[in-house]
Amino acid sequence: MRSRARSAIAGAVGSPIPHDSSRLHVTGRAAFTDDLPEPRDLLHVAVGTSTKAHARIRSLDLSAVSAAPGVIAVMTANEIPGANNCGPVVDDDPILAAGLVEYVGQAVFSVAADTAERARKAARLARIDYEELTPVLGIREAIAARSFVLPTESLFRGDSKKAIADAAHRLKGSVELGGQDQFYLEGQIAMALPAEDGDLFVYSSTQHPGEVQHLVAEATGRQSKDVIVECRRMGGAFGGKESQPALIACIAALMTQKTGRACKLRLDRDVDMIMTGKRHDFVIDYEVGFDERGRIDGIDFMFASRCGMSADLSGAINDRTMFHCDNAYFLRNVTVVSHRCKTNTVSNTAFRGFGGPQGMFGIEVVIDDIARHLGLDPLQVRRENFYGKGERDTTPYQQKIEDNIINEIVDELVNTSGYLERRADIRKFNQQNPVLKRGIALTPVKFGISFTATHLNQAGALLHVYTDGTVHLNHGGTEMGQGLFTKVAQVVAEELQIDIDRIKITASDTSKVPNASATAASSGSDMNGKAAQIAAAKIRRRLTSFAADHFSVAEQEVVFDNNEIRAGGKTLSFAELAHLAWFARVPLSATGFYRTPKINYDRSTFSGRPFFYYAYGAAVSEVIIDTLTGEQRLLRADILHDCGDSLNPAIDMGQIEGGFIQGVGWLTSEELWWNAEGELKTHAPSTYKIPTSSDVPVDFRVSMLRSSPNREETIYRSKAVGEPPLMLSLSAFHAIRDAVASVSDYSKRPQLEAPATPESVLKAVIEQQSDE
């Protein structure tokens, strides 16, 4: 299948044009929720939170809070007129705690004052008497106590027990994998305004305006028609604004309802990190049987995640972990057990990859352990286990892989990166250097694209063409810096054959496109691009029919090209045609609706086709570690990633680079640490270390796979690129593992936990140096 030719219009599909807000971003003129003009008499809201991980509230004295300077109103759970719930799936997540607190930082009451500073100071004056209960904090502790937010799930294929027992070689292992804070630059924020006839208008920094709309309506005792939610842009989200913004918006809206005044709730960074959910941390156990080449005969996995005090999105997240514990490898006999642990910590939530990275982390550790047990290059074992074509091509959940290109990607990357030569050079370096050790690893990515909840795979768009030929574009997706709005505008420009500057991109708005799914699962461009394309095609067909009739030519003689329309021997501009069509009473507004085809999935059996297609990639990372301190540095990264026919190579390149570095942070420096009382102590940049520009490798070589359009009929044969690149960072972790293994001359399996902080690396080095 060949890639399509690019149009001559400005901003055509495939053009590497800048993000639509890039100029506004760099000049400081991009308006985020906190930058919007504040209504007269705006109140600022703060939240009073629990200081205990698990306790009953015996008494709550808010008299000092109410009497504090500037305070206008205080609200507790018993004043909520509607549902006291902000859980997206299960009604188990109260907006304000009603008698029982289940994590440090849980919202107990809210306070509105004339300034944010006064509201925050007042919130600290509450006197709460607790009856402390025994908290469950750790994953192993939760498993032992049978403490789960959702039932344990299991997936079976073949007979893994027998295959392991009969295998020539067997290994057991366990590894701990940390979580990750989304650390979006713009924190959680919402501003609620009273509207006519008791309605509410809410500005929310959210990936899911529709969910915020529904939950605000339920909390305030309204219907969805009475609430409008708008979001023009977010200052980052990474999954942290999929379900979490509902809590913030509900508190702001409830206070607006109580006071009759506009209310804004903007969390301080420390409060944001303590109060909102993160990537799930996991404990992973495995037992595997394999042959002398490293090919896996059978494998048993146990994945247990810390979900926190409520279900949130943990069901779907842990399901995706199960779906991705194969990564790019065929597992003929496999058992996967998934525990969704209830702990007295903040409810963990969506984060880029949505459980997939944790599953892939598990199988990559297994592959690496097999290779070190057999004394083989881990790449050799990876290739031995790759999915095949026409054989060995069915996943543990019974989806047949029809678009496998992992061998082609890996073969190309091995050559362009010089992997084999560099690996040999690194071995020589390590023999000659007792303190500094280098490591290298190549890891693949196969990531399924679609919501695993089939009903969420739908999108809508609204398009208006005005009489001057300009276009108003709206759709259900949200913009969080990933370039979705730009890409969808490019699709419309391509369909109508007009320059992109003729298109006005507008804010996500529940009153324009209803019931939209969250912008998540890497499906934003796939679904919203298709919906917009369908809307634009409707208008184009109407204009084609009109032009054919008006100029007395056949419809096939009407050609849209580069801002002009040719109808037989007549040429006119798009604007002229739009005006003529309006004058002839041709409708110039259309909606578009798209539902992802082919997918079907039976969750009761964990089988079917949950994914429309897969995105592939591979990365080679080279690191150096200091065996005296545990410090490490990423020296070089080579990436080859599959974007299909890219809608916008510049934006996609940014997603690949950014996703990789964010993943490196997750696996190396971003450590979340709770004390014995359940208090998160890494809740600010001073203690929680995200990657900086100095952590980007000096030698950073990123390429997109060329001439490889999507086999499926996606929007212009492109592929999703939001989440898959994050998993390329697994190569960095395994390069560190390789460097650690060199300490024992590669004779022992490294016991390296993630994140591979200096402490973790040093602990693994010391273990390698021991005689045990």
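The domain assignment divides the chain into domain 1 (41-134 + 182-275), domain 2 (282-452 + 603-769) and domain 3 (458-595), with bounds that come from an automatic or database domain assignment. The structure is a predicted model, in which local features need pLDDT of at least 70 and side-chain atom pairs count only at pLDDT 80 or more, while totals for chains, interfaces and linings use all residues. Residues are numbered from 1 along each chain as its sequence is written, and side-chain values use heavy atoms, with hydrogens and water left out. Between the C-alpha centres of domain 1 and domain 2 the distance is 36 Å. At their interface, 26 residues of domain 1 are in contact with 27 residues of domain 2 (contact means heavy atoms within 4.5 Å).

Seven cavities of 30 Å³ or more were found in a search of the whole structure. On a 1 Å grid over the protein atoms alone, a cavity is a set of points where a 1.4 Å probe fits but cannot get out, whereas a pocket is an open set with protein on both sides within 12 Å along at least five of seven lines; lining residues have an atom within 4 Å of a point. Grid points are joined across faces, edges and corners, and a volume is the space filled by probe spheres set on the points. The largest cavity holds about 180 Å³ of space. Its lining comprises 18 residues, and Asp-93, Tyr-103, Gln-244, Leu-247 and Met-275 lie nearest the centre. Domain 1 and domain 2 each contribute at least three residues to this lining.

The second largest pocket has a volume of about 870 Å³. Of the 41 residues lining this pocket, Val-89, Leu-313, Ala-453, His-455 and Leu-456 lie nearest its centre. Strand S7 (148-157), helix H6 (209-220) and helix H9 (314-323) are the elements that give two or more residues to the lining; helices (H or I, at least four residues) and strands (E, at least two) are DSSP runs, numbered from the N terminus.

An open, antiparallel sheet is formed by three strands in the order S21-S22-S23, where two strands pair if DSSP finds at least two bridges between them. Strands S21 (558-561) and S23 (570-573) each have a single partner strand and stand at the edges, so one side of each is left without a neighbour in the sheet. Four bridges join S21 to the antiparallel strand S22 (residues 564-567), and Asp-561 stands opposite Glu-564 in S22. Helix H15 (residues 524-551) packs on the sheet and touches S21, S22 and S23. The direction of H15 makes about 130° with that of S21, with axes fitted as lines to C-alpha atoms, for helices over the stretch in contact, and angles running from 0 to 180 degrees between N-to-C directions.
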